[in-house]
Amino acid sequence: MNVSLIATIEKNALEAMGLIKDLETLARFETQFLGRKSELSSLLKELKNLSPEEKRTIGPKLQALREKLQTLHSEKQAEIENNTRDWEVERLDVTAPGIPRHIGHLHPITALEHEVLGIFEHLGFTVAEGPEAETEWYNFDALNFPKDHPARDMQDTFWIVGGGTKIKKGKVLERERLLMRTHTSPNQVRFMEKNKPPFRVIVPGRVFRNEATDASHEHTFHQFECLMLDETGKVSVATFKHVAETFFETFFGKKVTVRLRPSYFPFTEPSFEFDISCVLCDSAGCSTCKQTGWLEIGGAGMVHQNVLTAAGYPKGKYQGFAWGFGLTRLAMMKYKITDIRQFMGGDLRFIRQF
Ligand code: PHE
């Protein structure tokens, strides 16, 4: 085999390659120099007819040329493709502002609710829930509200026209009026019916009052019901004070004093309104605590025996405290919000600040 032939093929191929400017000519180059019918391919096919010695010297030369031409071919292909790209179409302006993604977030009340539940869970409380459309029995009767209590008035409570059905022990007793629960306390009875003391439970929820709204009154707001029951003698007002102080100290991250004032609720005896030392001014007096050094938080008391018996417990066997407080009020304190209507007002400018 003529060795100079290999050199000639190489020379021709390099010359041809130098002139290639587009993919069509490059394809022709491929057929001519690397294709099945190319000179190089025939030489490679002829190899087998050569003497072993020739095979050893010529074989590697042919292989090397083939590889060289293949490399040149792919390099040229990349070069042409790169030169003919439509940069206008592919343009990427890395300095352009991104497309904002509108991912929602938790409503401030919901976020606060999660925080509060977390603290109570650490104190060994279970979380329960109850219906927002409640029966008159659970909202009032079982809680020892007298039949003529003013809270039952149309002016104070949202009644649901049409009502519901009162069922006890599987039997339909009578048609009963339904209402939008005015507090979370009905869940004291609901929980007692299904559980046996000792227990500690916390029930968060939305409550409704037929109220003229202003900066500190809203028809819809959020509460918590806290209930701790055990056998008589085991849970006292002191237990309540301790739980309340522990909760508020964890929540506000500072020392808090709880103050009880005698009050009245039909479902607790004795009953209290309770305040905490003002966490904003450390009791020095500020606009939030109206210069008193105390913040009004909610109602509490020892569960009335009539409520325990309404839930089916034997009289005198159990004792414990119930505590209800406004989560909305807590949010107002925490974020220093002066108008309660903002929470449920649906104004996104308000919500997005959290
Ligand atoms: N349910 C009462 C209210 O809404 C608060 C309360 C709960 C009081 C539990 C005493 C015990 O005003």
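This is a predicted model: local features need pLDDT of at least 70, side-chain atom pairs count only at pLDDT 80 or more; totals for chains, interfaces and linings use all residues.

Student: Why is the contact between E90 and R85 called a salt bridge?

Tutor: The term requires a side-chain nitrogen of Lys or Arg within 4 Å of a carboxyl oxygen of Asp or Glu. For E90 and R85 the N to O distance is 2.5 Å, so the pair meets the condition of lying within 4 Å. The structure holds 18 salt bridges.

Student: What makes R85 and E90 partly exposed?

Tutor: Buried means under 20% relative accessible area, exposed means over 50%, and partly exposed lies in between, with a 1.4 Å probe and protein chains only. R85 has a relative accessible area of 38%, so it counts as partly exposed. E90 is at 39%, so it is also partly exposed.

Student: How do you know that E136 and R177 tie together separate parts of the chain?

Tutor: E136 and R177 form a salt bridge, with their closest N and O atoms 3.3 Å apart. Helices (H or I, at least four residues) and strands (E, at least two) are DSSP runs, numbered from the N terminus. E136 lies in helix α7 and R177 in strand β4 (residues 171-180), so the pair ties together parts that are 41 residues apart in sequence. E136 is called buried because its relative accessible area is 11%, whereas R177, at 41%, is partly exposed. Both residues also belong to a network of salt bridges that links E136, D141, K147, R152 and R177.

Student: Which salt bridge involves D275, and is D275 buried or exposed?

Tutor: The side chain of D275 meets that of R261 in a salt bridge of 2.8 Å, N to O. The pair links distant parts of the chain, with D275 in strand β8 (residues 268-277) and R261 in strand β7 (residues 258-265), 14 residues apart. D275 has a relative accessible area of 2%, so it is buried. R261, at 28%, is partly exposed.

Student: What makes β7 and β8 paired strands?

Tutor: Two strands pair if DSSP finds at least two bridges between them. Seven bridges join β7 to β8, which run antiparallel, and V258 stands opposite I276 in β8. The two strands form a hairpin with two residues between them. On β8 there is also antiparallel pairing with strand β9 (residues 294-303), over eight bridges; there D275 stands opposite E296.

Student: Why are β1 and β7 said to stand at the edges?

Tutor: The open sheet of seven strands has the order β1-β5-β6-β10-β9-β8-β7, with mixed pairing. β1 (126-127) and β7 each have a single partner strand, so one side of each is left without a neighbour in the sheet. The partner of β1 is strand β5 (residues 199-208), with parallel pairing over two bridges.

Student: Why is β8 described as largely enclosed?

Tutor: Seven of the 10 residues of β8 are buried, so the rest of the structure largely encloses the strand.

Student: What makes the backbone at P198 and at D282 worth a remark?

Tutor: Most residues other than glycine have a negative phi, and most peptide bonds are trans. A cis peptide bond joins P197 and P198, with omega about 5 degrees. The bond from E269 to P270 is also cis, with omega near -5 degrees, and P270 is found in strand β8. D282, a residue other than glycine, has a positive phi near 50 degrees. It sits in the loop between β8 and β9 and is exposed because its relative accessible area is 54%. S283 in that loop has a positive phi of about 70 degrees although it is not a glycine; at 39%, S283 is partly exposed.

Definitions and conventions
Residues are numbered from 1 along each chain as its sequence is written. Side-chain values use heavy atoms; hydrogens and water are left out.
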